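The entries follow the order in which I looked things up.

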Amino acid sequence: MLTLDNVYRASYVLKDVVRKTDVIYAPKLCPGAELYLKTENLQITGSFKVRGSYYKMSKLTQEEKTRGVIACSAGNHAQGVALSAQKNGIKAVICLPAGAPISKVEATKSYGAEVCLVEGVYDDAYRRALELRDEKGYTFIHPFNDEDVIAGQGTIALELTEQLSDIDVVLVPVGGGGLISGVAYTLKTLNPNVKIYGVQATGAPSMANSVHHGKIETLPSVSTIADGIAVKVPGDLTYEICSKYVDDILTVSDDEISAAILALMEQHKLVTEGAGAVAVAAAMFGKVDLKGKRAVCLCSGGNIDVTILSRVIQRGLLMSGRTCQMTIELMDKPGQLMAVARVIAERGGNVIEVHHEHSRGGSDVNGCYLRVTLETRNFEHINEIREALADHGLRVIE
């Protein structure tokens, strides 16, 4: 059984292994709330996962250590297991989905683990890992559905209670549920009044659906930029703990996640992956009422694939009103482009791209369309520019 003593034992084992990550005040992310960030994205290996995997491996028998361990992961658990095995002198084999970010695959290899890429998503890698476990006699290190792994993740809650008093709300990313199980169990045992909310991506709401419907459900597919929490089915153990100790499971869209990643980079110089930003996205977009409350968002990981970072930033800019596109209907005559540019410049907008095309079917034969991409301050600024263009007789159609 998961006990508070087990979490404290994990904290003792991990005290010289993991980093006690900072809690940072973040007043601008959610106006009206006293919001803090628990920065597990700055943990060794770039994720909280090393806590659970190292503690689990510390409890293996010598015979189990000699045979080696196997794990499956979307990326972060892989690195946690690989580093933990390296520190304990244990052979590690890691099954990863073939589509896992290259940066996570290479990082796992850099810690000395043997990597086995499996076609499909996390659940396919999980099945292959179990096959190899049975064939080779490895000990399977589950990424979330294990009491010792959960106890290791619960050490984050012990740190929080030392770093911040009188916490009202904690928001935690949820994939398979190991992180929130450890955090919720520990915090609720120490303080039953604290509210714990899990956050999933709308494209992978396995725990949300399961808790809301009162039974474990398996998703037919998952699709989200938050690859670290793209899990089709939660664990039975984590489901039971979440059902008992978590107040609700919320969901956020990929656009909201992108906006949160951008906000964390700009305002706090923190790089987070999609899974690591979902709690902040929930706070930013009002998924739960935090007004007047002392709240903590757990930033669970920072291992974002740099090859998609520019795309994520672009989505974040659009979602937060920092860029926009407008299509303006014009008469095809000299001076029209200059008139549009003047109005936009006078309102402080910055044109970064222009596309001009002649009339479409059904429009004036002398008409044309100007599609402009702008850098703007926010949505109010966008509306101000739209209104100014209308005041000058220019018709914005999109």
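**Entry 1: conventions.** I call a residue buried under 20% relative accessible area, exposed over 50% and partly exposed in between, with a 1.4 Å probe and protein chains only. The model is predicted, and local features need pLDDT of at least 70, side-chain atom pairs count only at pLDDT 80 or more, and totals for chains, interfaces and linings use all residues. Residues are numbered from 1 along each chain as its sequence is written, and side-chain values use heavy atoms, with hydrogens and water left out.

**Entry 2: salt bridges.** I took a salt bridge as a side-chain nitrogen of Lys or Arg within 4 Å of a carboxyl oxygen of Asp or Glu. Searching the whole structure, I found 22 salt bridges.

**Entry 3: R51 and E159.** I looked up R51 and E159, whose side chains form a salt bridge at 3.0 Å, N to O. This pair links distant parts of the chain, 108 residues apart, with R51 in helix α2 (residues 49-58) and E159 in helix α7 (residues 147-163). Helices are DSSP runs of H or I of at least four residues, strands are runs of E of at least two, and both are numbered from the N terminus. Is E159 buried or exposed? E159 counts as buried because its relative accessibility is 10%. R51 is likewise counted as buried, at 1% relative accessibility.

**Entry 4: K56 and D146.** I next noted a salt bridge between K56 and D146, with the closest N and O atoms 3.0 Å apart. Here too distant parts of the chain are linked: K56 lies in helix α2 and D146 in the loop between β6 (139-140) and α7, 90 residues apart. Both K56 and D146 are buried.

**Entry 5: R133 and D134.** I recorded a salt bridge between R133 and D134, the closest N and O atoms being 3.1 Å apart. R133 is partly exposed at 30% relative accessible area, whereas D134 is exposed at 57%.

**Entry 6: α1 against α2.** I then examined helix α1 (residues 4-14), which packs with α2 at an angle of about 95 degrees, the axes being 10 Å apart. Axes are lines fitted to C-alpha atoms, for helices over the stretch in contact, and angles run from 0 to 180 degrees between N-to-C directions. Since 65 to 115 degrees counts as roughly perpendicular, α1 and α2 are therefore roughly perpendicular to each other. The contact (heavy atoms within 4.5 Å) involves N6, R9, A10, V13 and L14 of α1 and R51, Y54, Y55 and S58 of α2.

Note on methods: Angles under 35 degrees count as roughly parallel, over 145 as roughly antiparallel, 65 to 115 as roughly perpendicular and the rest as oblique.
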